[in-house]
Every structure is written in C-alpha cells, then in structure tokens.
Amino acid sequence: MNIVVLTGAGISAESGLPTFRSGNGNWAGRSVESVCTPEALQSNPDLVCAFYDERRAEAVKAEPNAAHRALAKLEGHWRETAKGEFLLVTQNVDDLHERAGSQRVIHMHGHLNSTLCVECGWHGPRYNPLEDDRECAACGRDALRPDIVLFGEAPRHLKQIEAALEACALFVTVGTSSTVYPAAGFVEIAKACGAETHQFNIELPAGSERFDMCHLGNAGELLPEWVGELIGERPVGWNLSAEQKAAFIKEMEDCGSHSVFYCGPMAEDLRKIGLDATALPDGSLRLYDRIIQPIQPEWGEPGIYAPNVLTAAIEAHGLNIKTEMLGRGFAHRDQLEKLKTIWI
Ligand code: APR
C-alpha cells in the first residue's frame, strides 16, 4: 500500500513556528503581495529577503515535534517492512521534517536554507541572511533570491507528486488549510484513483467533506497514536467491552438504515451504552477519534445517518467488513450481521 502525506504550516505550529492564516499568522497584518510575489521581489528585494531571513532565523531555533517524528517513524517502518512506497510532500519551507528523520521529502514550495541566482540560475545552500548580501557565488552579481515558490510561480516536482498521488492507496493531510492550489486539490486526485483520504487538523477547514475521515486535534497528539495504529504498535479500536459491543450492535439495529437522527439524541444514546460520543456545533458527531458528518435527507433537518456511524466503528477497529449488498437497508444489515459474527 503506497502512502502520500501532505503537510502544511500547522504541523510546525507546535514547534513554535507561525502558520499563515491564523490570527497571529505570517499573513496577519502583512500583505502577501508585499513579500511573497515576483513583483515584490522585483520592486523591493530587500523586504522580501528580510521576510525570509526572519523565517529562517525562527526555524533554526525551532525543534521538530511529535508529529514530525511520527511521520519519520511511519516512513521508516513502511520502508523496513516493504509495505509500499511512502512519500512526504510538504508545503513548508522549514527543515523540521528532515531534522525529525524523514528522508523522502518533497518541498513543493521551496526551502529556507537554500538560495538561487535569478541571473545565472545557480542554486545552493544558504544559512546566513540574504538581505544585505545577495552576491552570487557563481556569477558574482547581486542576484540571489530566496529559494521560495512565490505566489504565481510554479510549485516544484508536480509531475513526481501527481504520479505518487495516482498510485497511492492512502492520502493524508496534516495541518493545512487546503486553501492554496495545487496542493489543495491533491485529495481529489488521490480519491479519483481510489485512495482512502484522511485529514488531521485542529479545525475543519473548508472542503473537509472531500475527506473520508477527519481527525480533529493537535497533530502532535493525534499523529503518534494514528501512526501507532497503522504500524500495529498500538491496539486498534476503542477498547470496547463485550457488553458495549453487543449494545452498539443493538443500537445500530434499532436505528435501522433509513432514518436520519438529530446529532444530540444520537450522541446521548451512544453515551448511554458507555461510548465516548459528542454532538459537535456543526451538527457532526464525534465518536472517539472519528468525526461523522451530518447528511441532508430529501426532506427535514440534516442529521446523523446510522450506517455512517457503523462504518466509522468498523474502520476504527481496522475491520475489513465489505458488503456487496445493494441498497442502504441491505448493506447496513449485511455489515451488521458480519460485525455480529466478529463481536458477539
Ligand atoms: N495541529 C494540526 N493542525 C493545525 C495545528 C496543529 N497543532 N495548528 C494549526 N493547524 C491548522 C490550522 O487550523 C490551519 O488549517 O493548520 C492549518 C494551517 O493553514 P495555513 O496557515 O493556511 O497554512 P498552509 O495550509 O500550510 O498554507 C499553504 O499558503 O501562504 C502559502 O506558501 C504558503 O505553503 C503555504 C501555503
């Protein structure tokens, strides 16, 4: 099984690096046009260089966090156990992934620790500020610029990334607002090629409904657990007792497969049988680490649909329960019967 992971600024937030679009983010109180466009580089190279010099200085002081380390661990395990290809694509320009031990990393938006010459094209490492010294080591002209993909410029290695997306069975995003394309569209490419898609974020960014599973919370807390499950280090599932399993199955049977339930009462019923369930303000249901999105029936209020709750439980326990039955009712009952044979 091939895996592609896409990370954004949110994965470095717990290392103390600002994101872009949060209240105190890089774009707060600063116009993108003034520091992150070719026009800005043309008209005021010192300002642009100073901006990235500042970010380089911040990144040097930062340390990789548990989320960076979890991805490096997943890559190592995937390679050692030959389970498939693993590719980490990051929109970040810091080097925290590499410092955490990640190896196959594509920086699609560039690097803080390198520079390139706009005159001769020379490209090389850079650790000291560019603002007051942009002389190119190769051609001697004052033409060095940050090795950062500015808005309007083409991201790096897109062909390689798209090939990996088309060949992956699991696509995961971590700490990105999914607002900047082409990265924000990667989920569609992966999904169109049959991949299962997961999103890790502290909030539900726009477009979250495109993902099969949204994991809400700090990446530094969620990723080590999720990776532990994926590589079989941590017990899969919700550690339910036999009674809870039987009660859950009865609850799903009673709900049936056609009715849509208000999130509040559904969460209450699940709590009554001892499950960790919460109705979220946006009408979705959190059941342990799973978020079940509400659906809009032909008529009436949006609500929670029992088959989606059942699917979340089946996936959370890593159970390979598939059904060929057509029709909601038949499929739901078929999966329930199969779960019964496993759980009861
Ligand atoms: N754990 C998980 N997610 C987090 C955390 C955290 N601890 N902290 C913040 N986030 C989430 C935020 O909720 C937000 O959705 O990370 C996301 C960061 O989004 P942005 O600031 O928009 O950053 P990103 O998606 O990486 O931006 C994409 O835009 O400005 C350009 O080139 C720049 O690469 C960047 C691109």
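A residue counts as near a molecule if one of its heavy atoms lies within 4 Å of that molecule. With that in mind, let's look at the ligand: 22 residues surround it, and the closest are Glu14, Phe20, Arg21, Thr176 and Ser177. This is a predicted model, where local features need pLDDT of at least 70, side-chain atom pairs count only at pLDDT 80 or more, and totals for chains, interfaces and linings use all residues. Residues are numbered from 1 along each chain as its sequence is written, and side-chain values use heavy atoms, with hydrogens and water left out.

What kinds of residues make up the shell around the ligand? By class, there are eight nonpolar, eleven polar and three charged residues. Here Ala, Val, Leu, Ile, Met, Phe, Trp, Tyr, Cys and Pro count as nonpolar, Asp, Glu, Lys and Arg as charged, and the others, Gly among them, as polar.

Now zoom in on single atoms. An N or O atom in the side chain of Ser177 is 2.5 Å from an oxygen atom of the ligand. A backbone N or O atom of Gln91 lies 3.2 Å from a ligand oxygen, and a polar backbone atom of Ala219 is 2.9 Å from a ligand nitrogen. On its own, the ligand has 740 Å² of accessible area (Shrake-Rupley method, 1.4 Å probe), and the protein covers 94% of that area.

Finally, remember Ser177 when you explore the model: this residue is among the closest to the ligand, and its side chain supplies the 2.5 Å pair with a ligand oxygen.

Key
A polar contact is a pair of N or O atoms within 3.5 Å; within protein, one must be able to donate a hydrogen and the other to accept it, and residues adjacent in sequence count only if both atoms are side-chain atoms.
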